[in-house]
Amino acid sequence: MVTKFNALDSITRTGALLIVRLDSAEEALAVSEAAIEGGIRALEITLSVPGALGVISTLADRYGDDGVVVGAGTVLDEQTARTCVLAGARLLVSPNLNPGMIETANRYQAVTVSGAFTPSEIVDTMQAGADIVKLFPAEFVGPDYVRTVRAPLPQAPLMPTGGVTPDNVKEWFDAGVVAVGVGSFVTKAARVDGNYGRVTEAAATTLRAIEGARA
């Protein structure tokens, strides 16, 4: 089983968390496997995916021993948090702050990525014990917002989610984020023709852009 230390390391080392929010369990599983082949080492299956817990369980069984962190997204309460952990999730993500979710995750040593937007919400999220603060929705602000917030809060481990692409990841990392949440650039790459090799290449492209941004 992936330890919390190793799970956090997979996220911060690669700098990416893949958000899999798709219309079917089959597509979510195929996209996840193709993205892992492209180098992704941390991903969240949002609970809006039909059969999400089954996808999480399958991925955890197949890739957990390989250091891939499989997580659940849109986890809004402690009951759901425990259910996701029992299904194999080693990472719990929420769009908002729910202290009960974080407390449950900490009890089972799962990584938490908890959503916040304003400086007050960011501080409250850190105080609640979240490992990473998910800046959401990030598409309505930009790297300058991160830079401004981190001036008084340099300790904030921020991860923007929403509108992040290989073309702008350098700006985000230059502003001081610890990782970025990536989505449709990777997850919907195969919808053109059903070729999941496009997902693998999009994942690799994203990771190369992050590596270049950090160089």
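Contact here means heavy atoms within 4.5 Å, and helices (H or I, at least four residues) and strands (E, at least two) are DSSP runs numbered from the N terminus. The structure is a predicted model, in which local features need pLDDT of at least 70 and side-chain atom pairs count only at pLDDT 80 or more, while totals for chains, interfaces and linings use all residues. Residues are numbered from 1 along each chain as its sequence is written, and side-chain values use heavy atoms, with hydrogens and water left out.

**The chain as a whole**

The protein chain comes to 10 helices and 8 strands, and its C-alpha atoms fill a box of roughly 45 × 40 × 25 Å along the principal axes. For 215 residues, a compact globule would have a radius of gyration near 17 Å, and the 16 Å of the protein chain agrees with this; the radius is taken over C-alpha atoms, and the globule rule is 2.2 Å times the number of residues to the power 0.38. Of the 215 residues, 53% count as buried, where buried means under 20% relative accessible area, exposed over 50% and partly exposed in between (1.4 Å probe, protein chains only). Among contacts between residues at least 6 apart in sequence, 59% join residues at least 24 apart.

Helix H1 (residues 4-14) holds serine 10, which is buried, with a relative accessible area of 3%. Not counting residues up to four places away in sequence, serine 10 touches Arg41, Gly67 and Val69.

The 13 residues of helix H2 (residues 25-37) should span 18 Å at 1.5 Å a residue, and the end C-alpha atoms are 18 Å apart, which agrees; the expected span is 1.5 Å times one less than the number of residues. In H2, the buried residues are Glu27, Ala28, Val31, Ser32, Ala34, Ala35 and Ile36. An α-helix has 3.6 residues a turn, so residues three or four places apart point the same way. Glycine 39, whose phi is positive, near 115°, follows H2.

| Element | Residues |
|---|---|
| strand S1 | 16-20 |
| strand S2 | 42-46 |
| helix H3 | 52-63 |
| helix H10 | 197-214 |

H9 also belongs to this cover.

**The largest pocket**

The largest pocket is lined by 16 residues, of which Arg21, Gly162, Val182, Gly183 and Ser184 lie nearest its centre. Strand S8 (180-182) and helix H9 (184-187) are the elements that give two or more residues to this lining, and H9 provides the largest share, 3 residues.

Definitions and conventions: 1 Å grid on protein atoms, 1.4 Å probe; cavity = no way out; pocket = protein on both sides within 12 Å on 5 of 7 lines; lining within 4 Å.
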